[in-house]
Amino acid sequence: MIISAIQAYQALFNDPITVTIYFRLSAFDATGIPMGNKVGGSNSTCYPRDWNTFIAALEADGKTANDTAANSSLPTTPLSASIVTRSAGGRAIGLDTPPAMFADGTLGVGGPYDGVITLNPAWPLQFTRPASPGNFDARMFTEHEIDEVLGLGSHLDSVVPEFLNPQDLFSWSSLNARNTTSSGVRHFSIDRGLHYIVTFNQDPGGDFGDFASDGFCPATHLYVQNAFNCPGQSADISATSPEAINLDVIGYDLAVASGTTSQFDFNRDGKNDYLLFNPSTRQSAIWYMNNNVRVSGAYGPTLPVGWTLIGTADFNSDGKPDFVLFNPSTRQTAIWYLNNFQLIGGAFGPTLPAGWALTAP
(Lines give C-alpha, C1' and ligand atoms only; values in the text may rest on other atoms or scores of the structure.)
Protein backbone atom coordinates (compact mmCIF):
# COMPACT_ATOMS: atom_id res chain seq x y z
CA MET A 1 0.00 0.00 0.00
CA ILE A 2 2.81 2.41 0.92
CA ILE A 3 4.73 1.66 -2.27
CA SER A 4 1.60 2.18 -4.35
CA ALA A 5 0.96 5.55 -2.69
CA ILE A 6 4.57 6.63 -3.27
CA GLN A 7 4.32 5.67 -6.93
CA ALA A 8 1.28 7.93 -7.29
CA TYR A 9 3.30 10.92 -6.06
CA GLN A 10 6.24 10.03 -8.28
CA ALA A 11 3.89 10.04 -11.27
CA LEU A 12 2.25 13.34 -10.30
CA PHE A 13 5.36 15.41 -9.56
CA ASN A 14 8.68 15.63 -11.38
CA ASP A 15 10.88 17.50 -8.89
CA PRO A 16 14.47 16.20 -9.00
CA ILE A 17 14.64 15.55 -5.25
CA THR A 18 14.48 12.52 -2.99
CA VAL A 19 12.11 12.64 -0.01
CA THR A 20 12.81 10.23 2.85
CA ILE A 21 9.95 9.13 5.11
CA TYR A 22 9.89 6.56 7.89
CA PHE A 23 6.54 4.72 8.14
CA ARG A 24 5.28 3.25 11.41
CA LEU A 25 2.26 1.35 12.74
CA SER A 26 1.82 2.29 16.41
CA ALA A 27 -0.62 3.70 18.94
CA PHE A 28 2.11 6.24 19.81
CA ASP A 29 3.67 8.81 17.52
CA ALA A 30 7.41 8.89 16.83
CA THR A 31 8.07 10.91 20.00
CA GLY A 32 6.07 8.55 22.22
CA ILE A 33 2.92 10.67 22.53
CA PRO A 34 -0.30 8.59 22.37
CA MET A 35 -2.09 8.88 19.04
CA GLY A 36 -5.43 9.02 20.86
CA ASN A 37 -8.29 9.60 18.40
CA LYS A 38 -5.97 10.17 15.44
CA VAL A 39 -6.07 7.59 12.65
CA GLY A 40 -2.79 8.93 11.27
CA GLY A 41 -0.17 11.47 12.22
CA SER A 42 3.19 12.78 11.10
CA ASN A 43 6.31 14.53 12.39
CA SER A 44 8.29 16.65 9.93
CA THR A 45 11.62 18.38 9.63
CA CYS A 46 11.00 22.13 9.37
CA TYR A 47 13.16 25.18 8.68
CA PRO A 48 12.40 28.88 9.13
CA ARG A 49 13.62 30.83 6.11
CA ASP A 50 13.76 34.57 5.55
CA TRP A 51 10.57 35.83 3.87
CA ASN A 52 12.28 37.42 0.87
CA THR A 53 14.57 34.43 0.35
CA PHE A 54 11.66 32.00 0.32
CA ILE A 55 9.40 34.11 -1.90
CA ALA A 56 12.18 34.68 -4.44
CA ALA A 57 12.88 30.93 -4.62
CA LEU A 58 9.17 30.13 -4.93
CA GLU A 59 8.68 32.61 -7.77
CA ALA A 60 11.78 31.38 -9.59
CA ASP A 61 10.51 27.80 -9.38
CA GLY A 62 7.19 28.60 -11.11
CA LYS A 63 6.64 26.22 -14.02
CA THR A 64 2.91 25.47 -14.30
CA ALA A 65 -0.23 27.46 -15.07
CA ASN A 66 -1.16 27.08 -11.40
CA ASP A 67 2.16 28.67 -10.44
CA THR A 68 1.62 31.59 -12.80
CA ALA A 69 -1.75 32.39 -11.24
CA ALA A 70 -0.61 31.77 -7.67
CA ASN A 71 2.62 33.77 -7.90
CA SER A 72 0.72 36.80 -9.18
CA SER A 73 -1.33 36.70 -5.97
CA LEU A 74 1.66 36.68 -3.60
CA PRO A 75 1.85 39.57 -1.14
CA THR A 76 4.01 42.51 -2.19
CA THR A 77 5.18 43.09 1.39
CA PRO A 78 6.15 40.48 4.02
CA LEU A 79 3.34 39.12 6.21
CA SER A 80 5.87 37.61 8.64
CA ALA A 81 9.61 37.83 9.11
CA SER A 82 10.13 34.22 8.05
CA ILE A 83 8.30 31.35 6.40
CA VAL A 84 8.52 27.90 7.95
CA THR A 85 9.01 25.31 5.23
CA ARG A 86 9.15 21.53 5.50
CA SER A 87 12.59 20.24 4.55
CA ALA A 88 11.25 18.47 1.45
CA GLY A 89 9.30 21.54 0.36
CA GLY A 90 12.34 23.75 0.75
CA ARG A 91 14.45 21.51 -1.46
CA ALA A 92 11.66 21.47 -4.05
CA ILE A 93 12.37 25.17 -4.69
CA GLY A 94 16.12 24.89 -4.42
CA LEU A 95 16.71 25.84 -0.77
CA ASP A 96 19.28 24.14 1.45
CA THR A 97 16.91 22.26 3.77
CA PRO A 98 18.25 18.72 4.26
CA PRO A 99 16.51 15.94 6.19
CA ALA A 100 17.23 16.16 9.92
CA MET A 101 14.80 13.82 11.69
CA PHE A 102 15.59 10.53 13.36
CA ALA A 103 13.16 7.62 13.68
CA ASP A 104 12.23 8.68 17.23
CA GLY A 105 11.11 12.12 16.02
CA THR A 106 14.14 13.98 17.36
CA LEU A 107 16.00 16.46 15.17
CA GLY A 108 19.72 16.80 14.60
CA VAL A 109 22.50 16.93 12.07
CA GLY A 110 22.59 13.60 10.26
CA GLY A 111 18.93 12.80 10.85
CA PRO A 112 18.03 10.81 7.71
CA TYR A 113 14.32 11.55 7.43
CA ASP A 114 12.20 14.42 6.16
CA GLY A 115 9.39 13.03 8.27
CA VAL A 116 7.94 10.13 10.18
CA ILE A 117 4.40 8.90 9.48
CA THR A 118 2.44 6.82 11.97
CA LEU A 119 -0.83 4.94 11.43
CA ASN A 120 -2.79 4.05 14.55
CA PRO A 121 -3.74 0.33 14.78
CA ALA A 122 -6.24 1.15 17.52
CA TRP A 123 -8.56 2.06 14.64
CA PRO A 124 -9.88 -0.55 12.15
CA LEU A 125 -7.43 0.07 9.30
CA GLN A 126 -7.81 -1.64 5.94
CA PHE A 127 -4.80 -1.82 3.63
CA THR A 128 -6.68 -3.07 0.57
CA ARG A 129 -9.54 -1.55 -1.41
CA PRO A 130 -12.43 -1.09 -1.51
CA ALA A 131 -12.63 -0.26 2.20
CA SER A 132 -15.39 -2.16 3.97
CA PRO A 133 -18.02 -0.24 5.96
CA GLY A 134 -16.57 0.52 9.37
CA ASN A 135 -12.95 0.28 8.22
CA PHE A 136 -10.68 3.26 7.57
CA ASP A 137 -8.84 3.31 4.25
CA ALA A 138 -5.18 3.19 5.28
CA ARG A 139 -3.95 4.53 1.96
CA MET A 140 -6.08 7.68 2.15
CA PHE A 141 -4.66 8.49 5.58
CA THR A 142 -1.14 7.64 4.39
CA GLU A 143 -1.51 10.11 1.52
CA HIS A 144 -2.83 12.70 3.98
CA GLU A 145 0.33 12.46 6.05
CA ILE A 146 2.62 12.35 2.99
CA ASP A 147 1.08 15.67 1.92
CA GLU A 148 2.01 17.15 5.29
CA VAL A 149 5.58 15.86 5.20
CA LEU A 150 5.86 17.36 1.70
CA GLY A 151 4.69 20.73 2.95
CA LEU A 152 0.95 21.15 3.49
CA GLY A 153 -0.03 22.71 6.81
CA SER A 154 -0.83 26.04 8.43
CA HIS A 155 1.07 28.27 10.83
CA LEU A 156 -2.02 28.01 13.06
CA ASP A 157 -0.89 24.48 14.01
CA SER A 158 2.78 25.41 14.39
CA VAL A 159 4.91 25.81 17.51
CA VAL A 160 5.99 29.14 15.96
CA PRO A 161 2.62 30.51 14.78
CA GLU A 162 4.09 33.97 14.19
CA PHE A 163 5.79 32.62 11.03
CA LEU A 164 3.53 31.69 8.11
CA ASN A 165 3.74 28.34 6.35
CA PRO A 166 3.79 28.21 2.52
CA GLN A 167 0.15 27.10 2.41
CA ASP A 168 -0.90 30.26 4.29
CA LEU A 169 0.18 32.37 1.30
CA PHE A 170 -2.97 31.22 -0.51
CA SER A 171 -5.56 31.54 2.26
CA TRP A 172 -8.42 33.97 1.51
CA SER A 173 -11.75 34.88 3.05
CA SER A 174 -13.08 36.62 -0.09
CA LEU A 175 -11.88 38.44 -3.19
CA ASN A 176 -8.70 40.39 -2.37
CA ALA A 177 -9.16 39.69 1.36
CA ARG A 178 -6.59 37.41 2.97
CA ASN A 179 -7.33 35.47 6.12
CA THR A 180 -4.60 33.56 7.93
CA THR A 181 -6.41 33.47 11.28
CA SER A 182 -8.57 30.88 13.02
CA SER A 183 -11.56 33.26 12.92
CA GLY A 184 -14.06 33.59 10.12
CA VAL A 185 -13.68 31.51 6.99
CA ARG A 186 -10.57 30.58 5.01
CA HIS A 187 -10.50 29.31 1.43
CA PHE A 188 -7.67 27.96 -0.69
CA SER A 189 -7.46 30.14 -3.79
CA ILE A 190 -4.74 30.86 -6.34
CA ASP A 191 -6.41 33.94 -7.87
CA ARG A 192 -6.79 36.30 -4.88
CA GLY A 193 -9.99 34.71 -3.64
CA LEU A 194 -11.92 35.04 -6.89
CA HIS A 195 -12.43 31.27 -7.11
CA TYR A 196 -12.36 28.92 -4.12
CA ILE A 197 -10.67 25.57 -4.76
CA VAL A 198 -11.53 24.23 -1.31
CA THR A 199 -12.36 25.58 2.15
CA PHE A 200 -9.86 25.21 4.96
CA ASN A 201 -10.80 23.66 8.29
CA GLN A 202 -11.58 26.06 11.14
CA ASP A 203 -12.60 23.40 13.68
CA PRO A 204 -9.91 23.35 16.41
CA GLY A 205 -10.53 19.63 16.83
CA GLY A 206 -8.67 19.11 13.54
CA ASP A 207 -5.63 20.60 11.84
CA PHE A 208 -6.11 24.13 10.49
CA GLY A 209 -4.03 23.18 7.46
CA ASP A 210 -6.57 20.51 6.50
CA PHE A 211 -9.72 20.94 4.44
CA ALA A 212 -13.17 21.50 5.90
CA SER A 213 -15.22 18.32 6.28
CA ASP A 214 -18.93 17.82 5.73
CA GLY A 215 -19.59 16.96 9.38
CA PHE A 216 -21.50 13.80 8.48
CA CYS A 217 -20.84 10.37 7.01
CA PRO A 218 -20.73 9.29 4.27
CA ALA A 219 -18.98 12.46 3.17
CA THR A 220 -20.12 14.21 0.01
CA HIS A 221 -17.02 16.37 -0.40
CA LEU A 222 -14.41 13.67 0.05
CA TYR A 223 -10.76 14.72 -0.10
CA VAL A 224 -7.55 13.12 1.15
CA GLN A 225 -6.77 16.25 3.15
CA ASN A 226 -10.12 16.57 4.93
CA ALA A 227 -9.73 17.26 8.64
CA PHE A 228 -12.18 14.45 9.42
CA ASN A 229 -12.81 11.52 7.08
CA CYS A 230 -15.25 8.64 7.27
CA PRO A 231 -14.86 4.87 7.45
CA GLY A 232 -15.78 2.93 4.35
CA GLN A 233 -14.75 5.74 1.98
CA SER A 234 -11.64 6.31 -0.12
CA ALA A 235 -10.04 9.26 -1.89
CA ASP A 236 -6.73 9.80 -3.65
CA ILE A 237 -4.56 12.70 -4.65
CA SER A 238 -4.81 13.40 -8.39
CA ALA A 239 -3.57 16.01 -10.85
CA THR A 240 -6.71 18.11 -10.34
CA SER A 241 -7.36 17.47 -6.65
CA PRO A 242 -6.97 20.39 -4.21
CA GLU A 243 -4.05 18.59 -2.56
CA ALA A 244 -2.04 18.39 -5.81
CA ILE A 245 -2.81 21.99 -6.78
CA ASN A 246 -1.79 23.11 -3.29
CA LEU A 247 1.50 21.22 -3.45
CA ASP A 248 2.05 22.58 -6.95
CA VAL A 249 1.79 26.23 -5.91
CA ILE A 250 3.95 25.88 -2.79
CA GLY A 251 6.84 24.67 -4.91
CA TYR A 252 6.38 21.18 -6.34
CA ASP A 253 6.24 20.68 -10.10
CA LEU A 254 2.99 19.07 -11.14
CA ALA A 255 3.58 16.95 -14.23
CA VAL A 256 0.39 16.94 -16.29
CA ALA A 257 0.89 15.19 -19.60
CA SER A 258 -0.51 17.08 -22.56
CA GLY A 259 -2.77 15.43 -25.09
CA THR A 260 -3.97 12.75 -22.66
CA THR A 261 -7.24 14.33 -21.55
CA SER A 262 -10.20 11.99 -21.90
CA GLN A 263 -13.88 12.77 -21.57
CA PHE A 264 -14.07 9.81 -19.18
CA ASP A 265 -10.96 10.47 -17.06
CA PHE A 266 -12.36 12.39 -14.10
CA ASN A 267 -9.28 12.37 -11.85
CA ARG A 268 -6.86 12.88 -14.77
CA ASP A 269 -4.64 9.94 -13.96
CA GLY A 270 -4.55 8.88 -17.62
CA LYS A 271 -7.12 6.12 -17.08
CA ASN A 272 -10.79 6.10 -18.05
CA ASP A 273 -13.36 5.95 -15.25
CA TYR A 274 -16.95 4.71 -14.87
CA LEU A 275 -19.84 7.18 -14.69
CA LEU A 276 -22.87 5.82 -12.80
CA PHE A 277 -26.39 7.16 -12.39
CA ASN A 278 -29.21 5.98 -10.09
CA PRO A 279 -32.60 6.88 -11.67
CA SER A 280 -34.44 6.33 -8.38
CA THR A 281 -32.32 8.60 -6.16
CA ARG A 282 -31.01 10.74 -9.08
CA GLN A 283 -27.53 10.41 -7.57
CA SER A 284 -24.49 10.30 -9.85
CA ALA A 285 -21.25 8.58 -8.95
CA ILE A 286 -17.78 8.07 -10.38
CA TRP A 287 -15.77 4.91 -10.05
CA TYR A 288 -12.06 5.49 -10.56
CA MET A 289 -10.63 2.64 -12.58
CA ASN A 290 -7.24 1.11 -13.28
CA ASN A 291 -8.02 -0.78 -16.46
CA ASN A 292 -10.73 -3.24 -15.32
CA VAL A 293 -10.13 -2.76 -11.57
CA ARG A 294 -12.09 -0.27 -9.45
CA VAL A 295 -9.62 1.48 -7.14
CA SER A 296 -11.95 3.97 -5.44
CA GLY A 297 -15.05 6.08 -6.02
CA ALA A 298 -16.86 9.29 -5.19
CA TYR A 299 -20.41 10.58 -5.34
CA GLY A 300 -21.10 13.26 -7.95
CA PRO A 301 -23.93 15.81 -7.96
CA THR A 302 -27.59 14.77 -7.67
CA LEU A 303 -29.74 15.64 -10.67
CA PRO A 304 -33.00 17.59 -10.24
CA VAL A 305 -36.27 15.87 -11.09
CA GLY A 306 -37.03 15.79 -14.79
CA TRP A 307 -33.45 15.81 -15.97
CA THR A 308 -31.50 12.93 -17.51
CA LEU A 309 -27.74 12.44 -17.55
CA ILE A 310 -26.72 11.97 -21.19
CA GLY A 311 -22.95 11.72 -20.97
CA THR A 312 -19.72 13.64 -20.49
CA ALA A 313 -17.50 15.95 -22.54
CA ASP A 314 -15.10 18.83 -21.85
CA PHE A 315 -17.19 21.84 -22.90
CA ASN A 316 -15.18 24.65 -21.27
CA SER A 317 -11.80 23.26 -22.39
CA ASP A 318 -10.32 23.07 -18.89
CA GLY A 319 -9.20 19.48 -19.40
CA LYS A 320 -11.93 18.09 -17.13
CA PRO A 321 -15.07 16.13 -18.10
CA ASP A 322 -18.41 17.91 -17.72
CA PHE A 323 -21.96 16.52 -17.43
CA VAL A 324 -24.42 16.88 -20.30
CA LEU A 325 -28.08 16.95 -19.18
CA PHE A 326 -31.39 16.82 -21.06
CA ASN A 327 -34.97 17.46 -19.91
CA PRO A 328 -37.35 15.43 -22.12
CA SER A 329 -40.39 17.42 -20.97
CA THR A 330 -39.09 20.92 -21.69
CA ARG A 331 -36.54 19.76 -24.32
CA GLN A 332 -33.98 21.94 -22.57
CA THR A 333 -30.29 20.97 -22.57
CA ALA A 334 -27.77 21.95 -19.90
CA ILE A 335 -24.09 21.59 -19.09
CA TRP A 336 -22.75 21.08 -15.58
CA TYR A 337 -19.07 22.01 -15.26
CA LEU A 338 -17.18 19.64 -12.99
CA ASN A 339 -13.82 19.53 -11.23
CA ASN A 340 -13.41 15.78 -10.84
CA PHE A 341 -16.65 14.85 -9.02
CA GLN A 342 -17.54 18.34 -7.78
CA LEU A 343 -20.07 20.61 -9.48
CA ILE A 344 -18.47 24.05 -9.90
CA GLY A 345 -20.94 25.74 -12.26
CA GLY A 346 -23.53 25.25 -14.97
CA ALA A 347 -25.20 26.76 -18.02
CA PHE A 348 -28.28 26.08 -20.13
CA GLY A 349 -27.69 24.90 -23.67
CA PRO A 350 -30.07 25.20 -26.64
CA THR A 351 -33.63 23.89 -26.48
CA LEU A 352 -34.25 21.08 -28.96
CA PRO A 353 -37.13 21.27 -31.46
CA ALA A 354 -40.12 18.94 -31.02
CA GLY A 355 -39.49 15.38 -32.07
CA TRP A 356 -35.79 15.48 -31.34
CA ALA A 357 -33.85 14.10 -28.37
CA LEU A 358 -30.26 14.57 -27.22
CA THR A 359 -28.48 11.22 -27.44
CA ALA A 360 -24.82 12.14 -27.07
CA PRO A 361 -22.59 15.12 -26.24
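User: In which sense, left-handed or right-handed, does H1 pass H5?

Analyst: In this predicted model, H1 passes H5 in a right-handed crossing. The axes of H1 (residues 2-12) and H5 come within 10 Å and cross at roughly 50 degrees, which makes H1 oblique to H5.

User: Which residues make the contact between H1 and H5?

Analyst: An α-helix has 3.6 residues a turn, so residues three or four places apart point the same way. Here H1 contributes Ser4, Ala5, Ala8 and Tyr9, while H5 contributes Arg139, Glu143, Ile146, Asp147 and Leu150. By class, this contact of H1 with H5 holds five nonpolar, one polar and three charged residues.

User: What span should H5 have, and is H5 mostly covered or uncovered?

Analyst: The 13 residues of H5 (residues 138-150), at 1.5 Å a residue, should span 18 Å, and the end C-alpha atoms are 18 Å apart, which agrees. H5 is mostly covered, with 13 of its 13 residues buried, and just after H5 glycine 151 takes a positive phi of about 150 degrees.

User: Which residues other than glycine have a positive phi, and where are the cis peptide bonds?

Analyst: Most residues other than glycine have a negative phi, and most peptide bonds are trans. Arginine 192, in the loop between S10 and S11, has a positive phi near 65 degrees and is partly exposed, with a relative accessible area of 32%. Arginine 331, in the loop between S16 and S17, also has a positive phi near 65 degrees. A cis peptide bond runs from arginine 129 to proline 130, with proline 130 in the loop between S6 and S7, and another cis bond joins cysteine 217 and proline 218.

Notes
Residues numbered from 1 in each chain as written. Predicted model: local features only at pLDDT ≥ 70, side-chain atom pairs only at ≥ 80, totals over all residues. Heavy atoms only, no water. Helix = DSSP H or I, 4+ residues; strand = E, 2+ residues; numbered from the N terminus. Expected span 1.5 Å × (residues − 1). Buried < 20%, exposed > 50% of the residue type's maximum accessible area, 1.4 Å probe, protein only. Axes fitted to C-alpha atoms, helices over the stretch in contact; angles between N-to-C directions. Parallel < 35°, antiparallel > 145°, perpendicular 65-115°, else oblique. Left-handed = near helix turned anticlockwise from the far one by under 90°. Contact = heavy atoms within 4.5 Å. Nonpolar A, V, L, I, M, F, W, Y, C, P; charged D, E, K, R; others polar.
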